[in-house]
Amino acid sequence: MTAELLINYAVQFLGTAAAAFLAYRSFQKRRIQLGEEPTLPQYFSRRSTYWLGIASYCTFMVALYCLLTWRWLPLEPLVTLIVKNLRSRELLNLLNGLDGSTIIPLIVAGLFLFFSAWESRFNPLLILRDSIHDAFAIPTKAVEVYNALVTSRLSAVDDNLKAQIANRLLVSSIDFGDFEKSSATVEYKWAHNCLLFDQIQSYANESSFRRFFNEPSLKWGEICISYNAMSEKVAVWKEAQPHYTKTVNLLKELDHLTGLLCRLLASLVVFKSANEDDIWATVKQLGGNVHAAPLKHTYKYVLVFTAATAIGVMLGREISVSLHNAFLFPDKPLAHFNYTTLRWVAYVIPMYVLPIALVFILRALAIRHQRDQSDRYYGFYMAVMIMGFIVSTTVSALILELTFYRRVDFNFLESFIQHMRWGILPALMCSFVAYRMDTPVSEEETPGNLIMGAALRFLGWGSGAVIIMLYATDDITIEEPNLRFTLVGTAFFVVGLLGASARFKTARPNN
């Protein structure tokens, strides 16, 4: 093994280790805001699930870094240049050899590591991290539970539970009628805090929840001190004459205690519940009423579809080129990743993701104006399929005619008719996405079933894409060697990944 190759492996190893470390730190650094207090999402899932999320994100980042610096923009030419010229002490040749092919890969690798650690909502890598975090650590569910507990109405609480709470107080500071008063009164807020504290105490003696009560950021010790002090303050306040300033200060203290209690209780409820039905059953027992939108965080789904499309293009084209060079025409090899792949990504994303994003908008408008509830809306599925066909065909006609063919005498109607074949797959995908939005996801679905379902959708849609693309490319006339083979192979991965990604957590209304 030459010195250049050995040093190149060492540099690659150090970069990979740095990518894994930064991904690990980034995953653990994320906070979510529950009220006024930041909270670590790791307390909203079991430890094994949380570490599986870390492993998945770190593995993805390492694979992406290796692919970037080993295959697409390799660092090997720069390392070889530096080692060779330092050995011969020809520094002038070293400076002359630093051109775009050697400097750009280093800059890109450095930017990748920088973005791995840069905390910003505009950072695409952190958007991916948050999506993986949400899938494994379930922080968004804790926010929903927290909001439901803060706004819960105690009049919905069982009378036996109310009596149990009153009997456990060391200082008599609560009356049965306090549960029925306005939510802005001292009496109601204190009754609310007593209910929350009583529910938290039911978890305190169980060893499986011990780490929640030992975690400093969840402030269990401060909660206990504040709760005992507040019991005496409320009792004194009830016996004394009403005083405006004291009442306002007491209300602020009660609101602060409510936020701490709801934060800890939300963590406990999400952690101990086996599925979403158990979560909302507990919340309903405490008087919570969650008005959930039929589909939440739609922007994250759009980002997932965008990522699936980009990965599908890169993966599909690379594999197609590899198969072409290895088995079909080894004497006429096609170039691997180059700027053509990026052009394909820029072309396919608006062609597929833009109509899918419009599906989310149209669905929100349709649900807002609908009067009758139904499990399936087949008329809507047909409408979005037509919309997807028109939008994707329009995008295809504009991009190809204006940027690829560069026709001066551009006729939109003729181009639209010519490119209609490229709108078939996006149209079908739009209809499928709309259909999947109305397909509820079971919280009890095991990882095996989840993976199996995604794999079946990938193979099914990928196979369908091959059939349709063979028809669409039957009379292709672009002068490029075996372009049809590459197009069909890329479509298999793009459409397959989009089909596999079409899984939505649809909120269920409370009964």
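Me: Helices (H or I, at least four residues) and strands (E, at least two) are DSSP runs, numbered from the N terminus. In which helix is the place of Ala163?

Reply: Ala163 sits in helix H8, residues 159-168. This is a predicted model, where local features need pLDDT of at least 70, side-chain atom pairs count only at pLDDT 80 or more, and totals for chains, interfaces and linings use all residues. Residues are numbered from 1 along each chain as its sequence is written, and side-chain values use heavy atoms, with hydrogens and water left out.

Me: Why does Ala163 count as partly exposed?

Reply: Buried means under 20% relative accessible area, exposed over 50%, and partly exposed in between (1.4 Å probe, protein chains only). Ala163 has 29% relative accessibility, so it counts as partly exposed. Its C-alpha lies 9.4 Å from that of Asp175, which is 12 residues away in sequence.

Me: How many helices and strands does the protein chain have?

Reply: The chain has 20 helices and two strands. Of its 511 residues, 43% count as buried.

Me: What makes Phe305 and Phe504 a tilted pair?

Reply: Rings of Phe, Tyr and Trp (its six-membered ring) pair if their centres lie within 6.5 Å; planes under 30 degrees apart are stacked, over 60 edge-to-face, the rest tilted. For Phe305 and Phe504 the centres are 6.1 Å apart and the planes 55 degrees. The distance makes them a pair, and the angle makes it tilted. A search of the whole structure finds 23 aromatic pairs.

Me: Why does the pair of Phe305 and Phe504 tie together separate parts of the chain?

Reply: Phe305 lies in helix H14 (residues 298-328), and Phe504 in the segment after helix H20 (483-501), so the pair links parts 199 residues apart in sequence. Both Phe305 and Phe504 are buried.

Me: Why is the pair of Phe458 and Phe493 called tilted?

Reply: The ring centres of Phe458 and Phe493 are 6.1 Å apart and the planes stand at 55 degrees, so this pair is tilted. Phe458 belongs to helix H19 (residues 447-472) and Phe493 to helix H20, so the pair joins parts 35 residues apart in sequence.

Me: Why is Phe458 called buried?

Reply: Phe458 has a relative accessible area of 17%, so it is buried. Phe493, at 15%, counts as buried too.

Me: How do you know that Arg211 sits over the ring of Phe212?

Reply: A charge sits over a ring if NZ of Lys or CZ of Arg is within 6 Å of the ring centre and within 35 degrees of the ring normal. The charged end of Arg211 is 5.1 Å from the centre of the Phe212 ring, and sits over it. Arg317 also sits over a ring, that of Trp344, at 5.3 Å from its centre.

Me: How do you know that helices H9 and H11 meet?

Reply: Contact means heavy atoms within 4.5 Å. Residues of H9, including Trp190, Phe197 and Ile200, meet residues of H11, among them Trp220, Tyr227 and Met230. By class, this contact has 12 nonpolar, two polar and two charged residues (nonpolar: Ala, Val, Leu, Ile, Met, Phe, Trp, Tyr, Cys and Pro; charged: Asp, Glu, Lys and Arg; polar: the others, Gly among them). Trp190, Phe197, Phe213, Trp220 and Tyr227 form one aromatic cluster.

Me: At what angle do the axes of H9 and H11 cross?

Reply: The axes of H9 (residues 186-204) and H11 (residues 220-239) cross at roughly 145 degrees and come within 11 Å. Axes are lines fitted to C-alpha atoms, for helices over the stretch in contact, with angles from 0 to 180 degrees between N-to-C directions.

Me: Why is Met230 called buried?

Reply: Met230 has a relative accessible area of 3%, so it is buried. Met230 lies in helix H11. Beyond residues up to four places away in sequence, Met230 touches Trp190, Leu250, Glu253, Leu254 and Leu257. The C-alpha atoms of Met230 and Trp190 are 8.3 Å apart, at 40 residues along the chain.

Me: Why does Lys219 count as partly exposed?

Reply: Its relative accessible area is 24%, so Lys219 is partly exposed. Lys219 is in the loop between helix H10 (210-214) and H11. Lys219 has a positive phi of about 60 degrees although it is not a glycine.
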